[in-house]
Amino acid sequence: MDRRSILKTAGLALAGSALLPFRSLANSRIGELNSEESNTLLAPEKRKLGKLEVSSIGIGVQNMSRNYQTTIPSRPEMHRIIQSAYDNGVTLFDAAEAYGPFEVEKILGEGVASFRDKIVISTKFGWNIDQETGKRLPGLNSRPEHIKIVVEGMLKRLKTDRIDLLYQHRVDPQVPIEEVVGVLQSLIKEGKLLHYGLSEPGQQTVRRAHAIHPITAIQNEYSLLWRGPEKTIIPLCEELGIGFVPWSPLGVGFLTGAIDKETRFAQGDIRGIESRFAPENLPANMALVELIQKWSKEKKVAPAQISLAWLLAQKPWIVPIPGTTQMAHMLENTGASQIKFSANELQEFNTALNAIQILGERLPAGVLAFSDVEAPEKKK
C-alpha cells in the first residue's frame with residue numbers, strides 16, 4: 001500500500017495528535033538505499049539555536065510509541081532509526097512528556113544511550129498530566145512545584161542527568177511566566193537543565209521571559225502551509241537572538257503530496273476537523289502542492305525535501321524537526337539539508353508562493369485556543 005492509500009484509509013488517535021508534527025510521507029531515491037549506502041549521505045551542517053549548536057535538521061520522535069494508524073511501531077526499529085539519524089549527522093532529538101504520554105521519552109532514552117553525550121535532547125512540559133498514571137487531565141499545569149516533579153520523571157525516562165533544551169509546551173494562563181522561568185533557572189543552577197524555550201507563546205510573554213533568562217529557542221508550527229510566525233514571532237526571534245524550531249514542517253503530510261483534493265479522513269484523524277482540509281477548501285489549497293511538485297521535478301528531489309529546504313533558506317537559525325517512524329523517510333528528511341535555493345530560485349519560488357491563498361484554519365478552534373497565549377502578570 002502506498003502512502004497516499006494509507007492516509008485515505010487509516011485513522012488517528014485524536015487525543016494529543018493535534019499537538020504532534022506529522023512525519024514525512026514523500027517517496028524518494030533515499031527510500032531505495034540500504035543501510036550501507038545511507039552512510040554515504042552528507043551530514044547536515046550545524047546551526048545555532050541561541051548559543052546551542054545543533055544539526056540543521058533534527059528529528060521529532062513523537063510518533064515512535066504509536067503511529068498515525070494507532071498501531072505500535074517496532075521498538076527495536078525505532079531505536080535503529082534513532083541510531084541511524086545520529087550516524088547521519090542528526091544531533092537534535094525532540095520529544096515531550098505528552099507524547100505517549102511518557103513512552104516516547106523512554107524510547108528516546110533507550111535509543112540514544114550509547115551516544116547521549118554527543119547529542120542534544122529537547123523535551124517539553126506544560127500539559128496537565130498525572131505523573132503517577134500518565135492520565136491526561138484537563139488543561140495545563142506549569143505550577144513551579146509541578147515542573148520540578150515533571151523534570152525528575154523526564155530525567156529517569158530519558159536515562160540522563162540533564163535535559164539540554166526544555167520547552168514549556170504551551171503558556172499556562174494561570175501561572176506568571178516569571179514563576180515558570182524562576183523554577184527553570186533553579187534547575188539550570190542544579191545542572192538538571194541547560195537551556196529552555198517556549199512553544200506557541202504570546203510575544204509579550206517571550207519578552208518577559210527573555211528579560212529574566214535568555215530563551216534558547218521558540219517552537220511553533222511553521223511550514224509552506226502555515227506561515228503565521230512570519231508576522232511577529234520570527235522577527236521577534238531575530239531581534240532577541242532566539243533560535244526557531246518549526247514543528248509540523250511538512251504540513252501534516254500535505255506538503256509531501258500524500259493528500260489530494262479527493263482525500264477524506266477516517267474518524268479520529270484530526271485533519272478531518274481542520275478546515276484547511278475540508279472538501280470545500282482542499283481543491284484550492286492543492287495549488288501549493290502543485291507548486292512544490294513542480295520544483296521537486298525540476299530539482300529532481302522529493303517534495304518533502306523542497307519543503308524542508310525552503311524552511312532552511314528562510315533564516316540561518318531555523319531548525320526544522322520532521323518526525324517519522326520509517327527509516328527511508330528519516331534519510332530523506334535529513335538529506336534535505338543538502339538542497340539549496342539560489343537567490344533567483346528563492347525569489348521565483350516565493351513569488352509563486354505568495355500568490356497562493358490557503359483557505360481554512362490550521363487547527364480546530366479548541367486547540368488554537370492554547371496558542372499565542374500571554375501569561376498573567378506576576379502579583380507584586
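In which loop is proline 101 found? In this predicted model, proline 101 belongs to the loop between β4 (92–94) and α4 (103–111). The peptide bond that joins glycine 100 to proline 101 is cis, with an omega of about -15 degrees.

The protein chain contains 13 helices and 11 strands. Of its 380 residues, 59% are buried. Among contacts in the protein chain with a separation of 6 or more, 79% are accounted for by residues 24 or more positions apart.

Serine 248 has a positive phi of about 55 degrees although it is not a glycine. Serine 248 is placed in the loop between β11 (243–247) and α9 (282–299). The relative accessible area of serine 248 is 0%, and the residue therefore counts as buried, the limit being under 20%. Lysine 300 also has a positive phi, near 60 degrees, and is a residue other than glycine. Its place is in the loop between α9 and α10 (303–314). With a relative accessibility of 73%, lysine 300 counts as exposed, because the class begins over 50%.

The helices on either side of that loop, α9 and α10, have axes that come within 8 Å and cross at roughly 100 degrees. An angle of 65 to 115 degrees counts as roughly perpendicular, so this description applies to α9 and α10. On the α9 side, the residues in contact are Ile292, Trp295, Ser296 and Lys299. These meet Pro303, Ile306 and Ser307 in α10. By class, the contact of α9 with α10 has four nonpolar, two polar and one charged residues. Lysine 299, one of the α9 residues in this contact, also lies over the face of phenylalanine 341, at 5.5 Å from the ring centre.

Aromatic rings were considered next. The structure holds 10 aromatic pairs. A pair of aromatic rings is described by the distance of the centres and the angle of the planes. Tryptophan 127 counts as buried at 10% relative accessibility, whereas phenylalanine 370 is partly exposed, with a relative accessible area of 26%. Elsewhere, Tyr86, Phe93 and Phe115 form one aromatic cluster.

Histidine 210 is found in helix α7 (residues 203–212). Its relative accessible area is 18%, which means that histidine 210 is buried under the 20% limit. Not counting residues up to four places away in sequence, histidine 210 touches Tyr196, Ile215, Leu240 and Ile242. For leucine 240, one of these contacts, the separation from histidine 210 is 30 residues in sequence and 8.1 Å in space, C-alpha to C-alpha.

Notes:
Residues are numbered from 1 along each chain as its sequence is written. This is a predicted model: local features need pLDDT of at least 70, side-chain atom pairs count only at pLDDT 80 or more; totals for chains, interfaces and linings use all residues. Side-chain values use heavy atoms; hydrogens and water are left out. Rings of Phe, Tyr and Trp (its six-membered ring) pair if their centres lie within 6.5 Å; planes under 30 degrees apart count as stacked, over 60 as edge-to-face and the rest as tilted. Buried means under 20% relative accessible area, exposed over 50%, partly exposed in between (1.4 Å probe, protein chains only). A charge sits over a ring if NZ of Lys or CZ of Arg is within 6 Å of the ring centre and within 35 degrees of the ring normal. Helices (H or I, at least four residues) and strands (E, at least two) are DSSP runs, numbered from the N terminus. Contact means heavy atoms within 4.5 Å. Axes are lines fitted to C-alpha atoms, for helices over the stretch in contact, and angles run from 0 to 180 degrees between N-to-C directions. Angles under 35 degrees count as roughly parallel, over 145 as roughly antiparallel, 65 to 115 as roughly perpendicular and the rest as oblique. Ala, Val, Leu, Ile, Met, Phe, Trp, Tyr, Cys and Pro count as nonpolar, Asp, Glu, Lys and Arg as charged, and the others, Gly among them, as polar.
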